[in-house]
Amino acid sequence: MIKNWLFFFFIIGSSIIYSQNSGVIKGKIIDAKTREALPYVNVVVVGSTIGSVSNENGEFEITKVPLGYNSIQVSYLGYLTTFSEDYLVTNEKTPFIIVELTQNNEVLSEVTIVSSPFRKTIETPLSKQSLGIAEIERNPGGNRDVLKVIQSLPGVASNPGFRNDIIIRGGSPVENKFYLDGIEVPVINHFQTQGSTGGPVGIMNADLIRNVDFYTSSFQANKGNALSSIIEFTQKDGNPDKLNTRATLGTSDAGITLDGPINDKTTFILSARQSYLQVLFKLIKLPFLPTYNDFQFKVKHQLSSKSEISFIGLGAIDKFKLNESVNDKVTDEDIIKRNNYILSNIPVQEQWNYTVGASYKHFSENSTQQIVLSRNEWENNAKKYFNNTTNPNDLLLQYVSKETENKFRFENTITSKSSYKINMGVGLEDANYSNATFQKIANSNGVSEIDFSSDLKLFKYSLFGQVSKKYFNSKLGTSFGVRFDGVDYNSEMKNIFNQFSPRISLSYELDTKLLLNASAGSYYQLPAYTILGYRDASNVLVNKNNNLKYINAKHLVTGLELKPSKDARISLEGFYKKYDNYPFSLRDQISLANLGSDFGVIGNEEVTSTSKGRSYGFEVFAQKKSYKGLYGLVSYTFVVSEFKDKNDNYIPSSWDNKHLLTITGGKKLQKNWEIGGKFRFVGGSPFTPYDINASATIDNYNISNSGILNYNELNSERYNNYHQLDVRVDKTWYWEHFSLNFYIDIQNIYGSESTQQPYLIPMVDNNGNRIIDANDSSKYVLEEIDNSSETVLPRFGVIIDF
């Protein structure tokens, strides 16, 4: 096998006629407001003296560009200097970059404008980070999964496990919202937890992403229904000159991406990926066998010089089954017990989802109008039998649920002659939710059963507006926004004034390199459909009758930002979040704010809007863009996250990690080698111990097949601190007609141990029968099985561009 691969690469290498060490960038410069071409504009490749000047049609071409990822700096008298995103340049790929320049309307005297690649807006002067495609592609331990890369940023807790839960400043994973080219995407992960947002693998394909903007506060009024973060993905446009192809092969999936012109006004980009984890997991003898497929596309059409329309799509098909032969030829008793525990817990599951949408923009002289239409669906099916039989009497779970949303949003952004920026708009949404659930549940109070069917139709509506302006020669930036949300679920939620959401942001330039920033806001989020659509045995929407409310979070943030040079920055931020109206479980007597980092469904139960919480802390962040091929960032967060328990006392939430440290760095070497590393330190999170007596009860265990948590001691214990080092090595070859990137990405290279709550299982005799307590025939004899991991996870991949 190895000889065959060596022969293959030898044939490829010997068939290359010649290779070059430089490429070409093409593009066009236009006025962001008038959309007219700008002639004689200076364009320079960042980090070099290589450049060009646009012609009378605003078009430019730069030759002798270094191969690899590059960005350009565009400067023109009377306009703000602009930096582009990163674009890949190879012998075969010539990126076409359209740069929109914004007029500088401020009257400045004796002030030097220092341009910077770190972009921010008046509306969000702090609590925002941006990632370019080069940072995503090369992130150690990220495996080209955008959501894993985000875990490197300040305020984000990363679990030692393999999930993509985004935990922001002590908030639950349910509190995040995701947008793709301005269109909301509710399902962002394969095998996503319903009622939350986490999962093991992201759906978003990095090959289509141009950049990611990550907001942890100071949300703009046109984006709603989020409490902890808003994450905006911007996709690439297809190349208008020629067809490009990228093929990827990794340890978990394979994919292909195509982009190019359809005609002289229309471009496209699309991708499809398929995993082969089921084959891999069976070979390495894991008890579960997942398979996923996903697709993604964008079509952009230039209707005229003043208007454009884009169509986007994203979707996935996920299947999850059990490997019941996993213990064949296995002799290690601990491995057999762990496998049996997992087999007894995990249901057979299938999911599919898609989001499609259209975004129309019209550019007037002093305003831009945008209309967004979208539709998304998500179906989630799960089934579980006791001992994995198919006997109807052994049924423990049968779950079928579907969420469908049709959305409309209109925005008008106006820039007045006096430099006020005004954004206003309206949003409408038609939602349908269905759920058929049969489930047996065991907790400290014994066994209960859920059996209901629910169909729920909802109509949502929103109004928003925001006004922004700079004063005192642009030293002071101010922005004030308001938002109103409503839904026809109950009388409380119908009234938009109950969800009045004001926000304000301020930024003051103390000197050319130091800024003082602050923001305050009140944000609302609708509880999950699983909560809204839950019915009791009488088919009553009990949570509607319990006067369910929107969840509210009030943010206060302030900080300093220092820019010692144009390619470096250091920031310090302090934050405080206060939560109200969080759903509180009547069954388990806990706040649902503590849930969301496991598989399954969150919120399919009776709740009241009575839980309160808070989180507070500070962040330090330092970042240096590439200097002589060296780049890096350091992020430290101290966070306290607390929610009230059933006795109305503040106790640590499940996301109270206290200390979060990430150090990421890399170096571009000669001959197209690159090496990077990422060190993470995560403070131990709280957890709830088992109720041993309830867990041992035979009736309970035969339903739960796991230990039952003692919520009277909610989050009273804490895991050990965890640290991990990830390393990535890249090597790229550039040939005449294609380029090849080979990478090795090793997670947890020194085998750091992560410890989770041990498995609680019944002991068995020599015949495999569960042992019953000799002193109490209603109970099993239980034992704990270690649930720790010190796995070194190597991954490799090949990326071919042609």
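Is Trp352 buried, partly exposed or exposed, and what is its relative accessible area? In this predicted model, Trp352 has a relative accessible area of 29% and is therefore partly exposed, because that class lies between the limits of under 20% for buried and over 50% for exposed.

**Aromatic pairs**

- The count of aromatic pairs in the model comes to 23, and one of them joins Trp352 to Tyr354 in a stacked arrangement, with 6.3 Å from centre to centre and an angle of 5° between the planes.
- Tyr354, the partner of Trp352 in that stacked pair, is likewise partly exposed, since its relative accessible area is 21%.
- Phe459 and Tyr461 also form an aromatic pair, but here the arrangement is tilted, with the centres 6.0 Å apart and the planes at 40° to each other.
- Phe459 has a relative accessible area of 36% and so counts as partly exposed, while Tyr461, with a value of 23%, is partly exposed as well.
- Beyond these two pairs, a cluster made up of Phe191, Phe281, Phe288 and Phe320 is linked together by ring pairs.

**Charges over rings**

- The ring of Tyr471 has the charged end of Lys469 sitting over it, at 5.4 Å from the ring centre.
- A second case involves Arg614, whose charged end sits over the ring of Tyr650 and lies 3.8 Å from the centre of that ring.

- The side chain of Lys384 does, however, reach the backbone oxygen of Leu343, at 2.5 Å.
- When neighbours within four places in sequence are left aside, the residues in contact with Lys384 include Leu322, the residues Leu343, Ser344, Asn345, Ile346 and Pro347, and also Asp394, Leu395, Leu396 and Leu397.

**Ser538**

- Ser538 is placed in the loop that runs between helix α7 (529-532) and helix α8 (542-545), and with a relative accessibility of 58% it counts as exposed, because the limit for that class is over 50%.
- Between Ser538 and Ile30 there is a separation of 508 residues in sequence, and in space their C-alpha atoms are 63 Å apart.

Key. Residues numbered from 1 in each chain as written. Predicted model: local features only at pLDDT ≥ 70, side-chain atom pairs only at ≥ 80, totals over all residues. Heavy atoms only, no water. Helix = DSSP H or I, 4+ residues; strand = E, 2+ residues; numbered from the N terminus. Buried < 20%, exposed > 50% of the residue type's maximum accessible area, 1.4 Å probe, protein only. Polar contact = N/O pair within 3.5 Å; in protein donor to acceptor, adjacent residues only side chain to side chain. Contact = heavy atoms within 4.5 Å. Phe/Tyr/Trp six-rings, centres within 6.5 Å; stacked < 30°, edge-to-face > 60°. Lys NZ or Arg CZ within 6 Å of the ring centre and 35° of its normal.
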